[in-house]
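Visitor: I should like to learn how to read a protein model, feature by feature. May we go through one together?

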Amino acid sequence: MIKYRYNLIKDLKNHIDVLMSLRELKKLPVTIHYPNPWETLKLIFIRPKIDYQCDKDITCYWKSAGTGGSYFPPDEIYVCPRETSYTVEEIVKHEIIHLEHEHEVQGMTHEEKEAYIISKENS
Ligand SMILES: [Zn+2]
């Protein structure tokens, strides 16, 4: 079962991670949503609506900054609803596939990992 949660401390920790890894993030073909107090406040009061479920125990934390999605094995994913290229449901599904195939993508570049994960999404 997927639990959807918001945790202010985790969100603020993520802001620090985003700012500290900006140089690396900017090299990747991803959208970066910059930490912004207004967006954080919005997310505290308005959570995305989603009823997507799966049979694995995963916690999905909403985040107000960073890339559209990220994942932390074994069972945590982070999804930023500011992402407009994909729906939150699409991001949730994508990050879960990352969790499932993490052991197979060790040593791959970001682009190789994404290509591999996308091939799994379509299979
Ligand atoms: Zn990905």
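Guide: Let us begin with contacts, where two residues count as touching if their C-beta atoms, placed from the backbone, lie within 7 Å. In the protein chain, 56% of the contacts with a separation of 6 or more are between residues 24 or more positions apart. This is a predicted model, in which local features need pLDDT of at least 70 and side-chain atom pairs count only at pLDDT 80 or more, while totals for chains, interfaces and linings use all residues. Residues are numbered from 1 along each chain as its sequence is written.

Visitor: How many helices and strands does the protein chain have?

Guide: Both are DSSP runs numbered from the N terminus: helices are H or I with at least four residues, and strands are E with at least two. The protein chain has five helices and four strands, and their order from the N terminus is β-α-α-α-β-β-β-α-α.

Visitor: What does the radius of gyration tell us about the protein chain?

Guide: The radius is taken over C-alpha atoms, and the globule rule is 2.2 Å times the number of residues to the power 0.38. For 123 residues a compact globule would have a radius of gyration near 14 Å, and the 14 Å of the protein chain agrees with that. The C-alpha trace spans about 40 × 35 × 25 Å along its principal axes.

Visitor: In what order do the four strands stand in the open sheet?

Guide: Strands of a sheet pair through backbone hydrogen bonds, either parallel or antiparallel. Here two strands pair if DSSP finds at least two bridges between them. The open sheet has the order β1-β2-β4-β3, with mixed pairing. The edge strands are β1 (2-5) and β3, each with a single partner strand, so one side of each has no neighbour in the sheet.

Visitor: Which way do the paired strands run, parallel or antiparallel?

Guide: β1 and β2 pair in the parallel sense over four bridges, and R5 stands opposite Y61 in β2. β2 and β4 also run parallel, joined by four bridges; there, Y61 stands opposite Y78 and C60 opposite I77. β3 and β4 are antiparallel, again with four bridges, and S70 has Y78 as its bridge partner.

Visitor: Where does P74 lie?

Guide: Most peptide bonds are trans. The bond from P73 to P74, however, is cis, with omega near 5°. P74 lies in the loop between β3 and β4, two strands that a hairpin joins through three residues.

Visitor: Which residues of β2 are on its covered face?

Guide: In a regular strand the side chains alternate between the two faces of the sheet. In β2, I58, C60 and W62 form the covered face, whereas T59 and Y61 form the uncovered one.

Visitor: Which strands does α4 touch as it packs on the sheet?

Guide: Helix α4 touches β2, β3 and β4, and its direction makes about 150° with that of β4. Such angles run from 0 to 180 degrees between N-to-C directions, and axes are lines fitted to C-alpha atoms, for helices over the stretch in contact.

Visitor: How is the span of helix α4 checked, and what is the result?

Guide: The expected span is 1.5 Å times one less than the number of residues. Helix α4 (residues 88-101) has 14 residues and should span 20 Å; its end C-alpha atoms are 20 Å apart, which agrees.

Visitor: Why does I96 count as buried?

Guide: A residue is buried if 20 or more other C-beta atoms lie within 10 Å of its own, exposed if 12 or fewer, and partly exposed in between. I96 has 21 C-beta neighbours inside 10 Å, so I96 counts as buried. I96 belongs to helix α4, whose buried residues also include V88, I91 and V92. Leaving aside residues up to four places away in sequence, I96 touches C54, I58 and I77. Buried residues make up 23% of the 123 residues in the protein chain.

Visitor: At what angle do α4 and α5 pack?

Guide: Their axes are 10 Å apart and the angle is about 105°. This makes α4 roughly perpendicular to α5, because angles under 35 degrees count as roughly parallel, over 145 as roughly antiparallel, 65 to 115 as roughly perpendicular and the rest as oblique. The contact is made by H94, I97, H98 and H101 of α4 with Y116, I117, K120 and E121 of α5.
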